Amino acid sequence: MADVAANLRRVQDEIAAAATRAGRDPAEVTLLAVSKTRTADEVAAAVRAGAIHLGENYVQELVDKHAALAAAGLDVQWHFIGHLQRNKVRFLAPWCALIESVDSVRLADEIDRRARDAGRVQPVLAQVDLAGEATKFGCPEEHLEELAAALAALPGVAWQGLMTIPPAAADPEQVRPYYRRLKQWRDRLAAQWPGQDLRHLSMGMSHDYAVAVEEGATIVRIGTAIFGPRA
């Protein structure tokens, strides 16, 4: 098992350094430890080392780990970051801290319905497809204002910002324009819907999170840099 605690401290230090370079308060950035495919022991080690926010891509894996860590008495804020099918929203709406991957009005409507049935308001982010890649999910830019209008109007949803997954690139500088554009979109939408608290920009992963922080990320989604390469 990788030295999860040491890795977590290193990532936290690098986030703080990137924030300082950009003139930002490091406390503005949430480190989301992406625990997809990781064992219960690895995840528990990360939580005991100080990870508060954990992210999963698959509903069943998230549900199982949520139950396991709760049974162990570990307090976690769970984020769902994968593609969400409408028929699985019911498993998350009663308790998920943040659904980051809302990419359509139909999905938003289902989250709203299920959250209201559970007696709560579900925090969400709109996932934006900035590159038009067929292999990635997300709301196309030309439909983003339509999705934004829907999210702003739903009583069972607390729309808190935007998320994106950029094209894969070996050089982190190649993704900087995508992160800059996501922030521009967030600022534009915040001006259009001033009643919405669009605090979050979820962007940046293990190889490029420093660039993302420099461009305004408030959530960085880190897996490999914390847990090590997947087996």
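I began with Arg180, which is partly exposed at 42% relative accessibility. For this term I used relative accessible area with a 1.4 Å probe on protein chains only: buried is under 20%, exposed is over 50%, and partly exposed is in between. The model is predicted, so I took local features only at pLDDT of at least 70 and side-chain atom pairs only at pLDDT 80 or more, while totals for chains, interfaces and linings use all residues. Residues are numbered from 1 along each chain as its sequence is written, and side-chain values use heavy atoms, with hydrogens and water left out.

Next I looked up the partner of Arg180. Arg180 forms a salt bridge with Glu215, with the closest N and O atoms 2.7 Å apart. I counted a salt bridge when a side-chain nitrogen of Lys or Arg is within 4 Å of a carboxyl oxygen of Asp or Glu. Arg180 sits in helix H6 and Glu215 in the loop between H7 and strand S9 (219-222), so the pair ties together parts that are 35 residues apart in sequence. Helices (H or I, at least four residues) and strands (E, at least two) are DSSP runs, numbered from the N terminus. Glu215 is buried, at 11% relative accessible area.

I then checked Arg176. Its salt-bridge partner is Glu214, and the closest N and O atoms are 2.8 Å apart. Glu214 belongs to helix H7 (residues 209-214) and Arg176 to helix H6 (residues 176-192), so this pair joins parts that are 38 residues apart in sequence. Arg176 is buried at 14% relative accessible area, whereas Glu214 is partly exposed at 25%.

The structure holds 16 salt bridges.

Another pair I looked up was Arg24 and Glu28, whose side chains meet in a salt bridge at 3.1 Å, N to O. Arg24 is buried, with a relative accessible area of 16%, and Glu28 is partly exposed, with 42%.

Last, I looked at the cysteines. How many disulfides are there? I counted 0 disulfides, a disulfide being a pair of cysteine sulfur atoms within 2.5 Å. Cys96 counts as buried at 0% relative accessibility, and Cys139 counts as buried at 4%.
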